[in-house]
Amino acid sequence: MTTGIPIVHSEEVREALHEGRPVVALESNVITHGLKYPQNAETAYEVESAVRKSGSVPATMCIEDGAIKVGMTERDIERFASESGIPKVSSRDLPVVLARGGRGATTVASSLVAAELAGIPFFSSAGLGGVHRGAETTMDVSSDLIQLTRSKVAVVCAGAKMILDLKLTMEYLETQCVPVVSHGSDDFPAFYCASSGIRSPHRVDDEDLIARIVDTHWATGHPGGVVITTPPRQEDAVDAAEAESAIEDALAQAAQDGVTGQGLTKYLMHAVDRATGGRTAQANMAVLISTAEVGGRLAAAYARYRAGRS
């Protein structure tokens with residue numbers, strides 16, 4: 001796609017896009033604001049490896065020198081993983097950071113913008129943001145959901161984080177006409193929990209059919225994306241009842257500590273991880289990798305479908 005936004009593709013990604021091979025976009029926020037070094041870098045390499053093993057090319061994205069970098073090199077990943085102070089750049093921040101010539105790590109929302117600008121129709125993430133608990137008074141709704149309605153990118157994920165109000169999140173997706181398709185599960189998963197307890201509107205296990213669904217959604221003129229969920233592997237999943245108990249305790253403590261707004265998600269995630277003896281952090285890493293593998297397969301199926309139509 002030709003735009004006025006500077007976009008720098010890695011050689012591997014540029015060749016893949018030129019040849020019509022499948023590419024999966026990946027965020028860099030999980031490198032800078034997720035795990036500690038060197039686990040964050042090691043996980044980033046494993047995520048990229050999972051995409052490659054499934055037949056696609058990984059394109060981990062970031063902002064550097066006022067340009068969108070599509071496909072981070074090993075050196076890039078090491079720098080972003082080991083340096084402190086690299087800001088998180090959401091879609092609202094993107095024009096400011098780009099115009100100032102700055103750098104930053106892409107979130108789900110800004111990755112959707114970057115992926116569409118770069119001509120990459122598939123993006124993989126462990127979990128979406130969503131409608132926060134208590135949003136009826138705080139109006140706290142993740143920009144991930146808003147951007148989903150604006151960017152033509154299919155998002156492969158393990159549902160949304162359990163710390164959110166998942167019923168309201170699903171209601172929002174329905175209201176905004178965002179298709180939700182679950183692959184390998186009847187339910188909408190909850191990040192590192194196999195099920196949110198909410199039935200998915202559609203279960204489709206045929207990957208070629210999912211490719212047709214994505215293409216048909218855009219052919220009907222819809223401007224936004226498609227959410228394709230895949231649950232964590234059974235051996236990686238955290239028990240939903242245990243996670244919910246930990247979240248309720250963490251929410252009560254956050255209220256006592258006066259933690260609100262942007263800092264709440266990170267606070268809750270760390271609190272739940274402590275309560276589960278670190279198992280949720282391990283599950284987070286595992287879900288990043290397993291979701292990337294499914295994302296790579298689905299991107300490959302979509303590329304085959306598009307090639308068959310040309």
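I began with the largest pocket, to whose lining α12 gives the most, with seven residues. The model is predicted, so I note that local features need pLDDT of at least 70 and side-chain atom pairs count only at pLDDT 80 or more, while totals for chains, interfaces and linings use all residues. Residues are numbered from 1 along each chain as its sequence is written, and side-chain values use heavy atoms, with hydrogens and water left out.

**Pocket**

I took a pocket as an open set of points on a 1 Å grid over the protein atoms alone, with protein on both sides within 12 Å along at least five of seven lines, and lining residues as those with an atom within 4 Å of a point. The largest pocket has a volume of about 1500 Å³, where a volume is the space filled by probe spheres set on points joined across faces, edges and corners. I found 46 residues in its lining, with N29, K88, K161, T265 and K266 nearest the centre of the pocket. At least two lining residues each come from α2, α8 (143-148), α12 (263-275) and α13; helices here are DSSP runs (H or I, at least four residues) and strands are runs of E (at least two), numbered from the N terminus. By class I noted 14 nonpolar, 21 polar and 11 charged residues in this lining, with Ala, Val, Leu, Ile, Met, Phe, Trp, Tyr, Cys and Pro as nonpolar, Asp, Glu, Lys and Arg as charged, and the others, Gly among them, as polar.

**Cavity**

I then looked for cavities, meaning sets of points where a 1.4 Å probe fits but cannot get out, and found one of 30 Å³ or more. About 150 Å³ of space lies in the largest cavity, and of the 16 residues that line it, E27, V30, A44, V47 and L288 are the closest to its centre. Two or more lining residues come from each of α2 (29-32), α3 (39-53) and α13 (279-309), and α3 gives the most, with five. This lining divides into nine nonpolar, five polar and two charged residues.

**Cores**

For a nonpolar core I required buried Ala, Val, Leu, Ile, Met, Phe, Trp, Tyr and Cys residues joined through side-chain atoms within 4.5 Å, with buried meaning under 20% relative accessible area, exposed over 50% and partly exposed in between (1.4 Å probe, protein chains only). The largest core has 87 residues, of which F122, Y192, V214 and I228 touch the most other members, and α13 supplies the largest share of this core, 10 residues. Leaving out residues up to four places away in sequence, I228 has contacts (heavy atoms within 4.5 Å) that include F122, V156, H183, V214 and L298.

**Strands**

I finished at β4 (residues 67-70), where A67 and K69 on one side and I68 and V70 on the other are all buried. β4 runs parallel to β1, with three bridges joining the two, and pairs with β3 (residues 57-64) in the antiparallel sense over four bridges; two strands pair if DSSP finds at least two bridges between them. I7 stands opposite I68, and E64 stands opposite A67. The β3-β4 hairpin has two residues between its strands, and D65 in the turn has a positive phi of about 55°. In β1 (residues 7-9) I looked up H9, which is partly exposed at a relative accessible area of 24% and touches R14, L17, V70 and A118, not counting residues up to four places away in sequence.
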